[in-house]
Amino acid sequence: MTIASSRPPAVERKIPSDLIIEGLAQLSVKFNGVLVPGRQLEGVLSRYTHNVFLHVESEVFPVMLRGSGTAIRFNGRELLICTQHQLGTEERDKVSMMTEGGKYLISSGGERHYPNSTDTDAFDLVAFDFTDPVADNPELKSKFFNLPKSRPAVGEVLGVLLVGYPYSDQNYDIDEDGNRHIGVGRRLVLCKHDPKAPADIALARVVPTEPLRFDPDGMSGGTAFLLMHGADGFEAMLGGVVVRGGSEGFYVIKVGMVLDFVKSITAQWSDHAPERTSTGVS
């Protein structure tokens with residue numbers, strides 16, 4: 001599946017492309033099989049994109065941030081997806097998720113990734129398994145959304161909403177009483193499809209509908225959602241995972257490639273915590 005705009009002759013355009021969010025606010029949008037009031041859509045979609053936390057051995061700050069991650073549920077497993085270039089090899093066993101309110105850091109149960117290769121940016125994907133940690137900490141369960149097992153049919157793509165946590169919005173602070181604080185900022189960027197396809201067929205390129213007013217470094221691993229109009233009305237669905245970008249545009253690993261990746265790794269994993277190893281999927 002691509003993030004290209006597809007307009008069937010029978011579908012009439014309902015919302016001007018420059019008024020996507022404002023227009024959807026007056027409607028209901030289907031996401032994960034549930035109708036979401038349009039005015040709540042941005043909040044609902046953004047709750048599944050998280051900071052990638054590292055639990056490090058430091059008396060100053062035991063928590064470090066490594067950009068963005070996309071939390072999905074597939075074949076009975078809860079997975080946090082991001083990109084390998086966000087992390088050093090020695091940091092992968094430190095990847096964690098934070099409980100609500102920031103009281104606890106919960107470590108992953110292991111990870112799987114593609115072998116090192118420069119053939120395609122899709123090989124930058126890495127998945128951290130939180131299935132057992134979620135079972136032990138049920139409050140984490142709502143942080144993951146269900147990924148369909150097949151590539152969904154795509155109607156008219158009205159826009160692409162990117163969600164992520166840029167480094168420029170992070171702030172590490174210690175107050176005069178020695179209390180430690182980490183400030184984070186989540187960004188939502190409405191984009192449109194760039195009709196010029198990237199050379200890498202695993203990718204789609206999207207460009208912001210308005211000039212960015214922040215440095216997007218750290219958006220890698222964040223989520224790209226398609227905002228669509230199809231035969232059954234308006235719908236939002238996963239469009240892929242952000243792999244890189246800048247002020248002029250972003251590159252997204254297409255949802256089909258993400259789906260192929262998670263199908264392979266969940267088929268390989270047993271009921272026990274997975275080993276930290278690479279997967280040979282292609």
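## Basis of the model

Because the model is predicted, local features need pLDDT of at least 70 and side-chain atom pairs count only at pLDDT 80 or more, while totals for chains, interfaces and linings use all residues. Residues are numbered from 1 along each chain as its sequence is written, and side-chain values use heavy atoms, with hydrogens and water left out.

## Helix α4

Helices (H or I, at least four residues) and strands (E, at least two) are DSSP runs, numbered from the N terminus. Helix α4 covers residues 255–268, which is 14 residues. The expected span of a helix is 1.5 Å times one less than its number of residues. For α4 this gives 20 Å, and the end C-alpha atoms are 20 Å apart, in agreement.

## The nonpolar core

A nonpolar core is a set of buried Ala, Val, Leu, Ile, Met, Phe, Trp, Tyr and Cys residues joined through side-chain atoms within 4.5 Å. The largest has 40 residues, of which F31, L45, I81, L125, L227 and V262 touch the most other members. Helix α4 gives the most to this core, with six residues.

Contact means heavy atoms within 4.5 Å. Apart from neighbours within four places in sequence, F31 is in contact with V36, V44, L45, Y48, F145, F225, A236 and M237.

## Salt bridges

A salt bridge is a side-chain nitrogen of Lys or Arg within 4 Å of a carboxyl oxygen of Asp or Glu. The structure has nine salt bridges. One of them joins R66 and E91, at 2.7 Å from N to O. R66 is in strand β4 and E91 in the loop between β5 and β6 (95–98), so the pair ties together parts 25 residues apart in sequence. E91 is buried, at 13% relative accessible area.

D121 and R244 also meet in a salt bridge, again described by an N to O distance of 2.7 Å. This pair links distant parts of the chain, with D121 in the loop between β8 and β9 and R244 in strand β17, 123 residues apart. D121 is partly exposed at 22%, and R244 is partly exposed at 38%. R73, E78 and K141 are linked in a network of salt bridges.

Key. Buried < 20%, exposed > 50% of the residue type's maximum accessible area, 1.4 Å probe, protein only.
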